[in-house]
Amino acid sequence: MKDLTPDPATLDPIETASRDEIANLQLFRLKKTLRHAYENVPHYKAAFDAAGIHPDDLNDLGDLAKFPLTTKADLRANYPFGMFAVPRNQVARIHASSGTTGQPTVVGYTANDLDVWGSVVARSLRAAGMRTGDLLHNAYGYGLFTGGLGIHLGADALGLTTVPVSGGMTPRQVRLITDFEPKGITVTPSYALSVLDAFAEAGIDPRDSSLEVGIFGAEPWTNAMRAEIEEAFDMHAVDIYGLSEIMGPGVSMECVETKDGLHIWEDHFFPEIIDPETGVPVPDGEMGELVFTSLTKEAFPIIRYRTRDLTRLLPGTARSMRRMEKVTGRSDDMIILRGVNVFPTQIEECLLATPGFAPHFQIELTRNGRMDAMCIHCEGGGDASALSDRIKQTLGVTVTVTTGPHGSVARSQGKAVRIIDNR
Ligand code: DLL
């Protein structure tokens, strides 16, 4: 794999600024954001008043913990535009979550917000090793989902040649990669596996493709999956994180030269980790739920949003901004099986550590009387009992494993559906 480390001279100055400089900028922007939210969004005025707190009470960054948390339920209660802090005619773009599990969550961006979004995604693509003039195959879905259009904004800002292929029509993905010779691909890790299948079906070795880096996110994936994908494509695989409520892709990004967790673009997004039970912040280094406050957003300022993503904050390395550890689970993806907490990524690690299996899997939950049961559906010639033994030893739960022929596990075209709950 090629060394794709960016030239330090091309980084934004804030990426290598001192912690003091970053904190000063954050405090200045945080004060402004709190006032903007309080004065223009009735929800925040009511919530701050109820908590007996006012934007003027913020004197240092630690004071943020005195402000109320915001949840998805708050956003839903203000559907569709109730959380907007500017008149609707100043909103240049709307995105929304899919809403498969309830009302969609609607977010908005002013023209200025779109510029900021483009700049953080451009920074992220550069951190992955992309340079002005490079060709990018963007297979994240275009539409209300922030993946496709968010990456596109950043690719334009960095001056890439973008192929806006979106997800789906998988054989065509292989043809376009072969014919256009992109340097980078942006795609969910699970859909990358579908593309990998299509390479095999076309009789083309993906290691012979032009791809030098894959930029994977929108769903949890493990370092074991990184190794699998890097080996299959002979390219770097780096992690990009984000969520629509905060911006979309480009909230944090792993640097290709270190691959040691994701640098949070802290000049625009202020992170906290809280104890998910008590809501109280925990110190850097401790695991908990990630909470974000936007620092520059105009249309949709967001204060202390509970992401449900579990991770911890770590000091900066390749950049001075803090890192978040790879998100391996969301509190709402956690399966509690007979009292043991299990995340799909833990199953992924066990699967990839057991020889003979394809990297595709789905977890089916059933209930037999009062007992919950978990079955892992996978593919390939691996030994089912070796995998269930490994899961028993590492996670402490008894599961059944079925292994079917190639194609028997449903393929993803975007975010994978890992859990089928038939309880
Ligand atoms: O998934 C934005 C995005 C698009 C990120 C493309 C990266 C690439 P939502 O649809 O709002 O936004 O879903 C956000 O997806 O709270 C996490 O649970 C999960 N997620 C996103 N990125 C990662 C990642 C986009 N790198 C939710 N690792 C988040 C693990 C991720 N989970």
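Valine 409 sits in the loop between β20 (400-404) and β21 (419-421), where helices (H or I, at least four residues) and strands (E, at least two) are DSSP runs numbered from the N terminus. At 4% relative accessibility, valine 409 counts as buried; buried means under 20% relative accessible area, exposed over 50%, and partly exposed in between, with a 1.4 Å probe and protein chains only. From valine 409 to histidine 137 there are 272 residues in sequence and 26 Å in space, C-alpha to C-alpha.

The model is predicted, and local features need pLDDT of at least 70, side-chain atom pairs count only at pLDDT 80 or more, while totals for chains, interfaces and linings use all residues. Residues are numbered from 1 along each chain as its sequence is written, and side-chain values use heavy atoms, with hydrogens and water left out.

Another loop residue is proline 220, between β6 (213-217) and α8 (223-233). Its relative accessible area is 28%, so proline 220 is partly exposed. Proline 220 and proline 164 are 56 residues apart in sequence, and their C-alpha atoms are 23 Å apart in space.

The peptide bond from tyrosine 79 to proline 80 is cis, with omega near -5°, and proline 80 belongs to the loop between α3 (72-77) and β1 (93-96). Methionine 169 is not a glycine, yet has a positive phi of about 50°. Its loop runs between β4 (161-163) and α6 (170-180), and methionine 169 counts as exposed because its relative accessibility is 52%. Arginine 304, also not a glycine, has a positive phi of about 50°. This residue is found in the loop between β11 (288-294) and β12 (305-311). With a relative accessible area of 2%, arginine 304 is buried.

On a 1 Å grid over the protein atoms alone, a cavity is a set of points where a 1.4 Å probe fits but cannot get out, a pocket is an open set with protein on both sides within 12 Å along at least five of seven lines, and lining residues have an atom within 4 Å of a point. Grid points are joined across faces, edges and corners, and a volume is the space filled by probe spheres set on the points. The whole structure has one cavity of 30 Å³ or more, and the largest cavity holds about 40 Å³ of space.

Helices α1 (19-40) and α4 (111-127) each supply at least two lining residues, and the largest share, five residues, comes from α1. Among the lining residues are Phe28, Arg29, His36, Asn112, His268 and Thr296. Histidine 268 is in the loop between β9 (262-264) and β10 (269-274) and counts as buried at 8% relative accessibility. The side chains of histidine 268 and threonine 296 are joined by a polar contact of 2.9 Å. A polar contact is a pair of N or O atoms within 3.5 Å; within protein, one must be able to donate a hydrogen and the other to accept it, and residues adjacent in sequence count only if both atoms are side-chain atoms.

The ligand is surrounded by 20 residues, the closest being Asp239, Ile240, Ser244, Asp309 and Lys415; a residue is near a molecule if one of its heavy atoms lies within 4 Å of it. A backbone N or O atom of isoleucine 240 is 2.7 Å from a nitrogen atom of the ligand. A polar backbone atom of alanine 218 is 3.0 Å from a ligand nitrogen atom. On the side-chain side, a polar atom of serine 244 lies 2.6 Å from an oxygen atom of the ligand.

Finally, the cysteines. A search of the whole structure finds zero disulfides, a disulfide being a pair of cysteine sulfur atoms within 2.5 Å. Cysteine 350 counts as buried at 5% relative accessibility, and cysteine 255 counts as buried at 0%.
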